[in-house]
Amino acid sequence: MTVLEQPGAYRPTPPPGWQPRVDAAPLLPDAEPYRLLGTAAAADISPDLLIRLHRELVRGRRYNTQATALTRQGRLAVYPSSTGQEACQVAAGLVLEDRDWLFPSYRDTLAAVVRGLDPVDALTLLRGDWHSGYDPHAHRVAPLCTPLATQLPHAVGLAHAARLKGDDVVALALVGDGGTSEGDFHEALNFAAVWHAPVVFLVQNNGFAISVPLAKQTAAPSLAHKAVGYGMPGRLVDGNDAAAVHEVLAEAVRRARGGGGPTLVEAVTYRIEAHTNADDATRYRPDSEVEAWRAHDPIALLEEAMRDRHLLDDEGARAARESAERLAADLRTRMHQDPVLDPMALFEHVYADRTSQLREQAAQLRAELDAEAADAGKGE
């Protein structure tokens with residue numbers, strides 16, 4: 001007698017009473033990325049929101065170009081530019097309440113700046129200085145995350161803890177398309193859905209995981225479709241349409257805050273610059289592809305819509321650029337000032353109580369610093 005012939009053995013065909021746990025239809029994303037700008041619905045967008053989005057987009061573009069220049073000047077060790085995908089960054093930075101938390105990846109410094117983080121502090125980690133460069137709790141911005149997707153389980157944990165405590169808090173976690181290939185992505189979405197955690201996942205699909213195109217990462221119809229397998233809604237949005245990204249994220253945040261659970265949002269955008277200053281993007285994508293996406297620039301799309309509604313004229317555009325130049329000038333001035341570093345700060349904020357190894361290392365470093373200071377005093 002085989003295993004399948006035994007009474008009560010597993011049968012490949014489910015019994016008649018089997019049915020899906022959740023109706024999949026409401027979870028499915030739209031067939032095409034959702035858009036607002038250039039549609040009839042654009043007339044209903046708040047003028048104040050459009051003006052704010054435009055101001056932050058223009059400042060964000062200038063922030064990106066200035067940070068890239070600082071890298072070439074040796075003031076930053078590395079900079080992953082978000083040029084071209086500023087609409088995702090700006091929307092993520094604006095959509096949360098003060099009590100909410102943002103969980104950025106290494107490319108999301110602009111989102112943190114829009115949320116209110118000092119631009120210099122946002123770049124401190126990429127400068128090779130200090131730990132995260134800022135107090136995450138004070139700003140409700142988690143440390144910039146360089147390992148792919150490891151910030152996602154952290155976001156779920158914080159959101160789940162807030163729900164258990166009864167706190168009205170939502171976590172927004174940002175990740176790139178490459179991060180969706182990591183195990184942390186699966187674990188985070190699975191736990192979020194099972195726990196009904198108030199968390200929103202924003203996937204910025206910018207086309208490449210460094211040099212690997214999306215088609216070589218997944219065979220899914222879209223990254224938003226992955227949401228259905230976890231039992232949460234998936235939303236597909238034009239990532240260069242700042243108003244559309246803001247609306248979709250705002251809806252997902254409201255849903256999470258109201259007890260509706262997590263949402264996965266895929267924003268289809270494009271990384272205009274190289275992966276980082278250490279990358280040669282011409283080796284894996286043609287210039288014609290980049291130029292085609294430049295024609296779908298988020299700033300140009302928004303400015304066209306605003307001019308159609310008489311919300312932007314030449315004077316308003318010039319004022320936005322001048323504000324951006326002031327941001328860049330301040331960033332440039334302060335980043336060119338050599339920081340005053342205390343090597344002993346290396347041991348701060350690692351553990352609440354230092355381990356024996358850290359105490360030993362700190363004592364050794366203190367002895368070396370004291371010896372150097374003594375030698376320097378003798379030379380005087």
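How far apart do the end C-alpha atoms of residues 66-334 lie, and what percentage of the span is helix and what percentage strand? I looked this up in the model, which is predicted. The end C-alpha atoms lie 12 Å apart, and the span is 46% helix and 12% strand. I took the boundaries from UniProt, where an unreviewed entry places the feature "domain: Dehydrogenase E1 component" at residues 66-334.

Entry on helix packing. I examined helix 2 (residues 86-95) against helix 9 (residues 242-257). Their axes are 9 Å apart and the packing angle is about 40°. I noted the crossing of helix 2 and helix 9 as right-handed. On the helix 2 side I listed Ala87, Cys88, Ala91, Ala92, Leu94 and Val95; these meet Ala242, Val245, His246, Leu249, Ala250 and Val253 of helix 9.

Entry on the cores. I then turned to the largest nonpolar core, which has 65 residues. Tyr63, Leu76, Leu123, Leu172, Val200, Leu202 and Leu249 have the most contacts inside it. Helix 9 supplies the largest share of this core, 10 residues. I also found another core lying apart from it, with 26 residues, among them Trp101, Ala162, Ala171 and Val175. In soluble globular proteins, nonpolar side chains tend to be buried together.

Entry on Leu172. Which residues does Leu172 contact, leaving aside its neighbours within four places in sequence? I listed Ala92, Val95, Leu96, Trp101, Leu102, Phe103, Val200, Leu202 and Leu249. Of these partners, I note that Ala92 and Val95 belong to helix 2 and Leu249 to helix 9.

Methods: Residues are numbered from 1 along each chain as its sequence is written. This is a predicted model: local features need pLDDT of at least 70, side-chain atom pairs count only at pLDDT 80 or more; totals for chains, interfaces and linings use all residues. Side-chain values use heavy atoms; hydrogens and water are left out. UniProt positions are given in the numbering used here, feature names are shortened, and annotations may be inferred rather than shown by experiment. Helices (H or I, at least four residues) and strands (E, at least two) are DSSP runs, numbered from the N terminus. Axes are lines fitted to C-alpha atoms, for helices over the stretch in contact, and angles run from 0 to 180 degrees between N-to-C directions. A crossing is left-handed if the near helix is turned anticlockwise from the far one by less than a right angle, and right-handed if clockwise. Contact means heavy atoms within 4.5 Å. A nonpolar core is a set of buried Ala, Val, Leu, Ile, Met, Phe, Trp, Tyr and Cys residues joined through side-chain atoms within 4.5 Å. Buried means under 20% relative accessible area, exposed over 50%, partly exposed in between (1.4 Å probe, protein chains only).
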